[in-house]
Amino acid sequence: MNAALELHGIAKRFGATRVLQGVDLRVAQGERHALIGPNGAGKSTLFDLISGRARPDDGRIVANGIDITGRAPQRVSRSLARSFQTTSVFGGLSVIDNLRCAALGAASARFIDRWLPSRRLDERAHAMLVAIGLDAHADEPAARLTYAEQRALDLGIALATDAPLILLDEPTAGMNRAEAQRALALIRATTEGRTLLVIEHDMDAVFDLADRISVLVQGRVIATDAPAAIRANWDVREAYLGGAAS
Ligand SMILES: Nc1ncnc2c1ncn2[C@@H]1O[C@H](COP(=O)(O)OP(=O)(O)O)[C@@H](O)[C@H]1O
Ligand SMILES: [Mg+2]
């Protein structure tokens, strides 16, 4: 079976700075894979490359057997959905309309399922609204939500699509403990049967959620393994877990 996502020898420079070099990564179908590493390691940049916001200088990106290297975001949106480290909701639209757009975008990106009855769209948007705990704010402009609520909406937008591969960049950043736990439970439930690649700083969350973990340090993957092995790995502890970043 094809991997959900394969990265082969990915390199990216900004000017003279090498941000990523020789990055190989394989995420199996249905796997929940976490990407950890200190600030500035290149994690968000890697997501930019996978989701088509930027182009790698070298290497290949293959999603479900199809080479998507350098494809524009709208051309990969059929196969993957992404949330951003900084919230990217439509501030002028109501909360429920943000979710409707996500569900609609997912539907229209699919050839066979192009015509989705509006009632089903509404149902899907409303189910996600309840799941992210924002039902009291359905008709408010998204810009009026608190930061944590906007993060929850951002997550809901990624999850409301039916993309088989979900990329989440620090989904619990800026949330308090209770909000983070609710977000993680939601992520676990809505990624069941799909494939998840998640950047996350909360180590308890990572070890709890992920089937496997990759550690990115200074633009290189220094380890990929099961959570227990990563925890036991000395290099990783030194480079990251023992450091100030976590
Ligand atoms: N558009 C850009 N132009 C120049 N440098 C960038 C750009 N985006 C990211 N960088 C640099 O690339 C490095 C990796 O950043 P980033 O991918 O955001 O790291 P992480 O998400 O792991 O914290 C940082 O040194 C950052 O300053
Ligand atoms: Mg980042």
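**View 1. Histidine 8 faces arginine 60 across two strands.** In this predicted model, histidine 8 stands opposite arginine 60, a residue of strand β4. Strands β1 (residues 5-14) and β4 (residues 58-63) pair in the antiparallel sense over five bridges. Strands (E, at least two residues) and helices (H or I, at least four residues) are DSSP runs, numbered from the N terminus. Two strands are said to pair if DSSP finds at least two bridges between them. Residues are numbered from 1 along each chain as its sequence is written, while chains are lettered from A and ligands numbered from 1 in the order in which they are written. Local features need pLDDT of at least 70 and side-chain atom pairs count only at pLDDT 80 or more, whereas totals for chains, interfaces and linings use all residues; side-chain values use heavy atoms, with hydrogens and water left out.

**View 2. A hairpin joins β4 and β5.** β4 and strand β5 (residues 66-67) pair in the antiparallel sense over two bridges, and alanine 63 stands opposite isoleucine 66 in β5. Two residues lie between the strands of this hairpin, in which asparagine 64 takes a positive phi near 50°.

**View 3. Four strands form an open antiparallel sheet.** The order of the strands is β2-β1-β4-β5. Because β2 (17-27) and β5 stand at the edges and each has a single partner strand, one side of each is left without a neighbour in the sheet. β1 and β2 run antiparallel and are joined by seven bridges; leucine 5 stands opposite valine 27 in β2. Helix α1 packs on this sheet and touches β1, β2 and β4, its direction making about 115° with that of β1. Contact here means heavy atoms within 4.5 Å. Axes are lines fitted to C-alpha atoms, for helices over the stretch in contact, and angles run from 0 to 180 degrees between N-to-C directions.

**View 4. Six strands form an open sheet of mixed pairing.** The strands follow the order β6-β7-β8-β3-β9-β10. At the edges are β6 (80-82) and β10 (220-225), each of which pairs on one side only. From one strand to the next, the twist averages 15°. β3 (residues 32-36) and β9 (residues 212-217) pair in the parallel sense over four bridges, and histidine 33 has arginine 212 of β9 as its bridge partner. Helix α1 packs on this sheet too, touching β3, β6, β7 (165-169), β8 (195-199) and β9. The direction of α1 makes about 145° with that of β8.

**View 5. β9 and β10 meet in a hairpin.** These strands run antiparallel and are joined by five bridges. Isoleucine 213 has aspartate 225 of β10 as its bridge partner. With two residues between the strands, the hairpin includes glutamine 218, which takes a positive phi near 45°.

**View 6. Ligand 1 lies among residues of its shell.** The surrounding residues (a heavy atom within 4 Å) are Phe14, Val19, Pro38, Asn39, Gly40, Ala41, Gly42, Lys43, Ser44 and Thr45. Helix α1 (residues 43-50) supplies the largest share of this shell, three residues. The shell divides into four nonpolar, five polar and one charged residue. In this scheme Ala, Val, Leu, Ile, Met, Phe, Trp, Tyr, Cys and Pro count as nonpolar, Asp, Glu, Lys and Arg as charged, and the others, Gly among them, as polar. An oxygen atom of ligand 1 is 2.6 Å from an N or O atom in the side chain of threonine 45. An oxygen atom of the ligand is also 2.9 Å from a polar backbone atom of serine 44. Taken alone, ligand 1 exposes 570 Å², of which the protein buries 55%; accessible areas come from the Shrake-Rupley method with a 1.4 Å probe.

Note on methods. A polar contact is a pair of N or O atoms within 3.5 Å; within protein, one must be able to donate a hydrogen and the other to accept it, and residues adjacent in sequence count only if both atoms are side-chain atoms.
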